Amino acid sequence: MRIGTWNIGEDERNKDGILDIASYDYIVNMIKNEKLDVICLQEAITASKDLPIIEKYIKGNTSLKYVAHLELSISHVDKNNSIGVVICSKYELKNTENLMFDNPNVTYYNKEKGKTYRPADKGMIVTDIDDVRIVTGHGIPFYAFHIAKNERGQYCKKVEEDILLKCKDKKWLLLGDLNEEDMKVVFPKINKVTKELIKEATYRDKIYDHILVSDRLSSSNAKIVDTCFDHRMCIVDI
């Protein structure tokens with residue numbers, strides 16, 4: 001099974017990163033060209049006044065017919081859209097459920113824009129494909145809200161414990177835009193029982209997108225693919 005993870009929040013070919021149908025067609029072509037059986041998406045459009053939701057577009061234009069999504073917030077790029085976490089699969093998704101991070105009660109004032117920002121909710125989808133459990137989602141953007149590294153773990157502790165409980169005695173992997181370069185900071189226990197496959201920058205000069213595989217799960221051919229979006233795509237065969 002070939003699985004990819006990709007943050008598709010901003011199409012850098014377009015003004016202000018806004019997505020359009022050409023963006024959707026690019027995503028579909030990437031899925032086909034990379035021969036993906038499963039794609040996990042972050043900042044994916046889950047509701048829109050202007051576009052179809054991305055999971056239906058992928059379902060209608062690829063062999064990935066099984067879908068699930070977790071809607072999280074209004075898009076930071078286009079206020080007409082809601083965004084979240086999406087998974088599209090060639091294989092049936094079973095036992096699907098959601099996990100949410102504790103949202104830090106912080107704000108950040110941007111002087112240039114004259115606006116105060118508060119972090120949006122972030123979360124994970126947990127689902128099974130045959131005997132493999134997939135955990136995929138979007139982490140809290142600690143860097144954007146100037147949250148110190150020694151404070152970040154408290155907002156991930158509950159999610160980490162839930163993941164470890166739900167993945168006990170399973171073959172599993174965790175992948176997505178986790179918004180943190182050092183997994184020991186946010187997922188110290190998960191870091192000890194998984195192998196991290198992504199070692200290069202995926203968002204500008206940072207490693208924010210990750211693929212972590214458990215000891216019981218065999219993996220190969222991990223790679224990073226350049227895209228026209230603000231994040232690169234990460235792929236692995238399991």
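Visitor: Hi! Is Arg232 buried, exposed or partly exposed?
Guide: Hello! Arg232 counts as partly exposed, at 22% relative accessibility. Keep in mind that this is a predicted model.

Visitor: Which residue does Arg232 form a salt bridge with?
Guide: That would be Asp226, and the closest N and O atoms of the two are 2.8 Å apart.
Guide: A search finds 16. One of them joins Arg2 and Glu34, whose closest N and O atoms are 3.9 Å apart. Arg2 sits in strand 1 and Glu34 in the loop between helix 1 and strand 2, 32 residues apart.

Visitor: Are Arg2 and Glu34 buried or exposed?
Guide: Both are buried. Through shared partners, salt bridges also join Arg2, Glu34, Lys223 and Asp237 into one network.

Visitor: What does Asp37 pair with?
Guide: Asp37 forms a salt bridge with Lys90, with 4.0 Å between the closest N and O atoms. Asp37 is in the loop between helix 1 and strand 2, and Lys90 is in the loop between strand 4 and strand 5, so this pair ties together parts 53 residues apart in sequence. Asp37 is buried, with a relative accessible area of 13%, while Lys90 is partly exposed at 40%.

Visitor: Switching to rings: how many aromatic pairs are there?
Guide: Eight in the whole structure. Among them, Phe142 and Tyr155 make a tilted pair, 6.4 Å centre to centre with 35° between the planes. Phe142 is in the loop between strand 9 and helix 3, and Tyr155 is in the loop between helix 3 and helix 4, so the pair ties together parts 13 residues apart in sequence. Phe142 and Tyr155 are both buried.

Visitor: And how do Tyr143 and Tyr208 pair up?
Guide: They are stacked, at 5.0 Å centre to centre and 15° between the planes. Tyr143 lies in the loop between strand 9 and helix 3 and Tyr208 in the loop between strand 11 and strand 12, so parts 65 residues apart in sequence are tied together. Tyr143 is partly exposed at 35% relative accessibility, whereas Tyr208 is buried at 7%.

Visitor: Which residues form an aromatic cluster?
Guide: Trp6, Tyr26 and Phe229 form one.

Visitor: Last topic: which residues form a positive surface patch?
Guide: Lys32, Lys56, Lys59 and Lys65. Lys32 is in helix 1 and counts as partly exposed, at 47% relative accessibility.

Key:
Residues numbered from 1 in each chain as written. Predicted model: local features only at pLDDT ≥ 70, side-chain atom pairs only at ≥ 80, totals over all residues. Heavy atoms only, no water. Phe/Tyr/Trp six-rings, centres within 6.5 Å; stacked < 30°, edge-to-face > 60°. Helix = DSSP H or I, 4+ residues; strand = E, 2+ residues; numbered from the N terminus. Buried < 20%, exposed > 50% of the residue type's maximum accessible area, 1.4 Å probe, protein only. Patch = residues over 30% accessible without salt bridge, like charges linked within 9 Å, V, L, I, M, F, W, Y side chains within 5 Å. Areas by Shrake-Rupley, 256 points an atom, 1.4 Å probe, with all protein chains shown as cover. Salt bridge = Lys/Arg side-chain N within 4 Å of Asp/Glu carboxyl O. Lys, Arg positive; Asp, Glu negative; His and termini not counted. Charge placed at Lys NZ, Arg CZ, Asp CG, Glu CD.
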